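Let's take a walk through this structure together. Have the viewer open and follow along.

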Amino acid sequence: MAGFVPLRCHSLTVLSALPLAGFGALATLFIFRQELSLYAFVGVIMLVGLVKKNGIMMIDFAIEAQRRDGKSPVEAMYEACMVRFRPIMMTTMAALVGTLPIALGLGAGAESRRPLGLAVVGGLLVSQTLTLYITPVFFLYMERLRGVKHALPRPAEVKAMGLPGRTAPVGK
């Protein structure tokens with residue numbers, strides 16, 4: 001039964017990137033003066049699936065590293081970010097390149113499908129740029145709420161791992 005606690009807590013962590021994706025999709029539609037049509041809504045649904053999958057890849061790897069190797073949340077998330085960066089970027093770039101012709105509006109009847117491409121391209125650009133920063137931070141705060149020791153790195157740990165970061169305590 002204890003296995004459900006991390007998964008329940010980190011369901012929110014995985015979903016933390018979805019507002020960024022939605023904002024990016026709607027902002028792109030607004031910038032290009034496109035309506036939220038049925039095609040655009042289908043693009044947003046597709047975008048939700050892509051962003052959610054990327055979050056799951058990172059969080060699942062970090063949880064597994066904590067369980068298998070006994071790593072602290074900071075070390076586990078750092079390793080997850082380093083190992084999963086390439087697969088996340090590969091799927092994101094494949095989706096971007098696949099929907100770019102739709103967003104550009106090339107071909108017969110393309111003006112009706114253009115909002116789908118714009119929603120996916122804009123949402124992916126915004127969400128991937130920010131998700132790579134937001135999801136690890138959200139993961140560490142959720143681990144802190146769960147009561148896991150050392151959920152947020154101490155300044156000495158940051159220096160020892162060679163990570164860029166704050167040298168002052170978080171609360172000060």
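What is the mean pLDDT of the chain, and what share of its residues reach 70 or more? The mean is 82, and 80% of the residues reach 70 or more, where pLDDT is the predictor's confidence in each residue, from 0 to 100.

Some ground rules. Residues are numbered from 1 along each chain as its sequence is written, and side-chain values use heavy atoms, leaving out hydrogens and water. This is a predicted model, so to speak of local features takes pLDDT of at least 70, side-chain atom pairs count only at pLDDT 80 or more, and totals for chains, interfaces and linings use all residues.

Now the fold. The chain has six helices and zero strands, both taken as DSSP runs numbered from the N terminus (helices H or I, at least four residues; strands E, at least two). Contacts between residues 24 or more positions apart make up 71% of those in the chain with a separation of 6 or more.

On to the inside. A nonpolar core is a set of buried Ala, Val, Leu, Ile, Met, Phe, Trp, Tyr and Cys residues joined through side-chain atoms within 4.5 Å. The largest one has 18 residues, and A25, L29, L47, V51, A119 and L124 touch the most other members. Helices α2, α3 (38-69), α4 (73-104) and α5 (110-146) each give two or more residues to this core. Look at A25: not counting residues up to four places away in sequence, A25 touches V44, L47, A119, G122 and G123. There's also a second, separate core of 15 residues, including V14, M58, I63 and A80.

Finally, find T13 in helix α1 (residues 4-15). Is T13 buried or exposed? T13 counts as buried because its relative accessible area is 0%. Leaving aside residues up to four places away in sequence, T13 touches I59, T135, F138, F139 and M142.

Technical notes:
Buried < 20%, exposed > 50% of the residue type's maximum accessible area, 1.4 Å probe, protein only. Contact = heavy atoms within 4.5 Å.
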